[in-house]
Amino acid sequence: MAINQFDLRNKELLSGIQGNILKPHGRHHTANLFISGIDGRQAEVKAWLQSLVEGEDAPIRSCYAQLRSNALWKDKKIDSGTFACIHISKSGYAYLFERADVCANKFEPTYVNGIKEADLNDPEFETWDAGMNDSAHFLLILADAKPERLTRQMTDVQNAIGGFAEVVAVQTGDAIFNKEGAGLEHFGYVDGISQPLFFEDEIDGYRIQNNISPTTPPEDFIFNPAAEIDLVLLKDPFAESENAMGSFLVFRKLEQNVKGFKKAEEDLAKKLGLTGDDAERAGAMLVGRFEDGTPVELSAEAGLINSAVLNNFDYDFKDESKCPYHAHIRKTNPRSDLVNSPIKEDAKKFIMARRGITYGKREADLSDRPTKDVGLLFMSYQKSIAHQFEVIQQRWANNEDFINRKPSNKVGLDLVIGQGERKPLGAYAQVWGQPDTKQPGFEQFVTMKGGGYFFAPSIEFLKNVNPII
Ligand code: HEM
């Protein structure tokens, strides 16, 4: 059941969870600080963690406080300042409680083993950015609408921890937008459209955006994004009370070769014989949406009304003549394609709350085409890294089989994020909706540069920082 944030019975629950998990913080600039404590200084690090949630103006906000400040912004344009949330790695817990195995049997093995041990076909660990390699103890995300205030906050944090902890890497993120104000990723496509929705007001917004009658229940939507909170939340094993909850965060710095991708997109259009406005469909068949967000399953061309928010669609599982089976959004969210799942809702249990932001500098009009130093800071919250992120990245995106799906034939990797051998397998319709296909290959233009698995602890844990072991 979606949550009503105005219902006071939900206040306690929402006050115990960090912000950003159930709803994005919404700020356009972030500083992602990878921090490690110095040996022997655990007591000061614990006191610092506690200070982050103490008092009215505590930098780390609960979900409830985040919703309250969202409402103040919406109604009165009152700016509530920098938003912060913190995440702890398995080495962070081991450091805090001075016990290497403190996480064993507390968290799922995937988190305890860490991203370095994950079978994701990622580049050699030595090539990852320093400090962003699963060894940092904490990831503190600071987010602000104003870049200069964010810089000040960053300095404040550095000063506050000086002596007992150090910032081992700083990665800034800055959102980019198209002319219509929709958030983009660097290849030029609107991103962040399809998300699990946890609140009643979000479901109401979805109805309006997708032209669904106000009386239609979510179960009757073509695609129902309504999600239960346990899709992303689990009991915080280091907090006492039953409803102290946290969430696993996957962080991946994904560099994008924009020049390479855009050139390959143009070449693909030529190979498929797509000309004029239809050439845009080549990219749409890689991503599953046109640049403006229009789903290629719904339309042969871009430009649908509300394109940047449309999400109420499903795939015809027998057919890839509109949206290819290998398209990024079809691989990563199968909707009704799943095999052995007579219930459409089953595909939803893999969905993550995506909270990524772009990084790197571009020309204001995005006319430049960098080959490096720009990309996506992919971030997702989930209840299980093994059963959500890793299923999507490893079993689906990195796999040439259309695994778990109908049909089960080989369709190639996800051509945006799939890592591994790229055989020319994916089929593309030369005419939208007609099943005659061609299968040119497509190279890889996204490179993993670093990452980690973290846990966003409950507010109760941060107030005490005492393990219940
Ligand atoms: C540089 C890397 C990436 C780029 C350029 C990219 C781009 C996009 C775009 C343009 C969309 C469509 C907008 C939307 O439906 O929200 C999308 C959706 C999505 N992406 Fe990515 N993405 C990247 C990385 C990833 C990774 C690493 C994952 C997970 C392993 C992922 C999972 C998803 C999912 C689940 C959706 C929503 C699909 C749906 O519900 O229809 N993406 N991405």
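Is D174 buried or exposed? At 17% relative accessibility, D174 counts as buried (buried is under 20% relative accessible area, exposed over 50%, partly exposed in between, with a 1.4 Å probe and protein chains only).

The model is predicted: local features need pLDDT of at least 70 and side-chain atom pairs pLDDT 80 or more, while totals for chains, interfaces and linings use all residues. Residues are numbered from 1 along each chain as its sequence is written, and side-chain values use heavy atoms, without hydrogens and water.

**View 1. Salt bridge between D174 and K361.** The closest N and O atoms of this pair are 3.4 Å apart (a salt bridge is a side-chain nitrogen of Lys or Arg within 4 Å of a carboxyl oxygen of Asp or Glu). D174 lies in strand β4 (residues 165-174) and K361 in the loop between β10 (357-359) and β11, so the pair ties together parts 187 residues apart in sequence (strands are DSSP runs of E, at least two residues; helices are runs of H or I, at least four; both are numbered from the N terminus). K361 is exposed, at 66% relative accessibility.

**View 2. Salt bridge between R207 and D204.** The N to O distance is 3.1 Å. Both residues belong to helix α7 (residues 200-209), 3 residues apart, or about one helical turn. R207 is buried at 12% relative accessible area, whereas D204 is partly exposed at 41%.

**View 3. Ligand oxygen atoms and arginine side chains.** An oxygen atom of the ligand is 2.7 Å from an N or O atom in the side chain of R335. For R354 the distance is 2.7 Å, and for R289 it is 3.1 Å.

Terms used:
Polar contact = N/O pair within 3.5 Å; in protein donor to acceptor, adjacent residues only side chain to side chain.
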